Amino acid sequence: MNTATHTATTAAPAPAAQPTLSPNGAYLIRGASLLGKERADLLIQDGLIAAVGQDLTGPEGALVIDADGLIALPGMVDLHTHLREPGREDAETVETGTRAAALGGFTSVHAMANSNPVADTAGVVEQVYSLGLKSGWVDVRPVGAVTVGLKGERMAELGAMADSRARVRVFSDDGMCVHDPILMRRALEYVKAFDGVIAQHAQEPRMTDGAQMHEGDVSAVLGLPGWPAVAEESIIARDVLLAQHTGSRLHICHVSTAGSVEIIRWAKERGINVTAEVTPHHLLLTDESVRSYDPVYKVNPPLRTESDVEALRRGLADGTIDIVGTDHAPHPSEHKECEWAQAAMGMTGLETALSVVQATMIDTGLMTWADFARVTSAAPAEIGRVATQGRPLEPGEPANVILVDPAARRTVDPHKMATMGRNSPFAGLELPGVVRTNFFAGHPTVLDGVLNTPRPAAAEETPWIG
Ligand SMILES: [Zn+2]
C-alpha cells in the first residue's frame, strides 16, 4: 500500500544535476536588503560572512548573486520538526525533511523525539545527529524525550543525551504531555545541570480523551468530541508555577488559545523563565475549516477560533510568544486520506512557514522583517542553545543566510514539495514570499529557488557547526 507514497517521493524535487558552486568557496551577494532595511553586499567565504558593505569586491572566481529586490535574513531555526526517522521512513526521512527545510529557508531544525525507537537514549539521538551531518542540508539538532518511550512514567537518560555527541539541550515528549506533576518537576530540576529546557506539549490527557477538534460552536454542530481550551491552559498554568518553583527553563510548544497567551504574559511579568511558540497554521486557520471534514485540518493542538488567532498574532507581535515553530508533521497519504475520526493528526509546515508568517504578521503590519528574524531565527537558536545559528548578518559570523523575495507569490502545491508529506493545509492557497537562496554554513544549498547541493559531509567539529 506504500506504492503511492513512493511514486510521489520520486516526483519531489531532486538536487540540481549540475550544482552551481564557487571554485574557491566565495560568494558575493549584491544589493540585498538586510532584514528588509538598508541595501548592502555580503561576501561569504570559507563558511563565514567575510564582509558586509557597499560595492564589495570578492576574490577572483567568487560567484556573484544578484539580490536586487531580495531581503537577506539569518537562516531560520525550527525548534519543532518531526523528521520521523528512525522508524517512520514511510512518512519522512532526515534526508527528505531536511531538503524541505532548506527549501523553506531553514538552516537548522530540531528533530522531535517521537520516532520509533523513541529518542530517549544517547544512542538514538546520536543516530539522528549523524544522519543530519550526513545529509548536509541543514543543522539537525535532536530533541531528547523527557520520559522513557514517551510513556510519562520514568525519566529518560537526560544527562546521557546532554553529554552525547548530539549535545541535546531541548527535551520534549511532544505528542504527549508530561502530565505527572512530580515527573515534570524532576525533569525541570534535572535539566538545569546542563542548561537544558523542557518543551512541554500542554494537553491535559483526561480532558482530551478521544477529542477530535476544538471544543466550541463548530464541534457542537458537527457532533465531534471537543478539545477544550482549558485542557491546554491548565497545564501551562501549572507548569509556569513549577518553572518558578524550580527556577528552570520551560518552553511551551504550539500555544493555541487566547487564554494560554494570557497565562504566559502573566508568567513573564513575574520573571518566570518561560518561552513560548506558535505554529504558522495557528496564525492563519480556524476550526471553521473542519466543517469540510477534510482530515488535512486535523491537528494537535486543534485549530481554534478567530479570536484565538487574533490573540496569537498579538502575542507574537508583542513578544509574549517568543518564536514560530512549524510542528512539521508529515504523514503518509493513507493516514490522512480517510475518515476524519481515523485520520492522523498533523500538518506539514517547513516549506510554507515563511510565507504564512509573512502573510499573517508582516503584510498585516504587525511585525517587521527584523522581528521576523528574531522569532524565526535568533530566539529559537537561543532557546535551543545553538550557538552558531540565529546570529546577526555581520562579518565574522557563520554564513547561515537566506535571500527571500517578498514580492513573489505562489500557489501552494504539496506535490511540488520536497517533504514526503502531502498533508499541507495551505494547498491551493496563494501566499506571498519565496525563498530564493539558502546558505548553510557558507554553502549554497538552494539557488534560484531550487535545491543545489548539500554541504559536503565534513569534520563535524568545524567551528561554524559546533
Ligand atoms: Zn505537540
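Which residues form one aromatic cluster? Here are some notes on that and a few other spots in this predicted model.

1. The cluster is made up of Phe 171, Tyr 190 and Phe 194. Across the structure there are 4 aromatic pairs.

2. One of these pairs is worth a look in your viewer.

3. Next, the metal site. The zinc ion has Asp 174 (OD), His 201 (ND1) and His 254 (NE2) as its protein donors, at 1.9 to 2.2 Å. Their spacing in sequence reads D-x26-H-x52-H. His 201 lies in the loop between β10 (197–200) and β11 (213–214), while His 254 lies in the loop between β13 (250–252) and α8, 53 residues apart. Both histidines, His 201 and His 254, are buried.

4. Finally, a helix pair. Helix α7 (residues 229–246) packs against helix α8 (residues 258–269) at an angle of about 10°, and their axes are 9 Å apart. Angles under 35 degrees count as roughly parallel, and α7 and α8 are therefore roughly parallel to each other.

5. On the α7 side of this contact you will find Glu 232, Glu 233, Ile 236, Ala 237, Val 240 and Leu 241; they meet Gly 259, Ser 260, Ile 263, Ile 264, Trp 266 and Ala 267 of α8. By type, the residues of the contact are 8 nonpolar, 2 polar and 2 charged.

Notes
Residues are numbered from 1 along each chain as its sequence is written. This is a predicted model: local features need pLDDT of at least 70, side-chain atom pairs count only at pLDDT 80 or more; totals for chains, interfaces and linings use all residues. Side-chain values use heavy atoms; hydrogens and water are left out. Axes are lines fitted to C-alpha atoms, for helices over the stretch in contact, and angles run from 0 to 180 degrees between N-to-C directions. Helices (H or I, at least four residues) and strands (E, at least two) are DSSP runs, numbered from the N terminus. Angles under 35 degrees count as roughly parallel, over 145 as roughly antiparallel, 65 to 115 as roughly perpendicular and the rest as oblique. Contact means heavy atoms within 4.5 Å. Ala, Val, Leu, Ile, Met, Phe, Trp, Tyr, Cys and Pro count as nonpolar, Asp, Glu, Lys and Arg as charged, and the others, Gly among them, as polar. Rings of Phe, Tyr and Trp (its six-membered ring) pair if their centres lie within 6.5 Å; planes under 30 degrees apart count as stacked, over 60 as edge-to-face and the rest as tilted. Donors are N, O and S atoms within 2.8 Å of the metal (3.2 Å for Na, K and Ca); water is not among the atoms, so sites may look incomplete. Buried means under 20% relative accessible area, exposed over 50%, partly exposed in between (1.4 Å probe, protein chains only).
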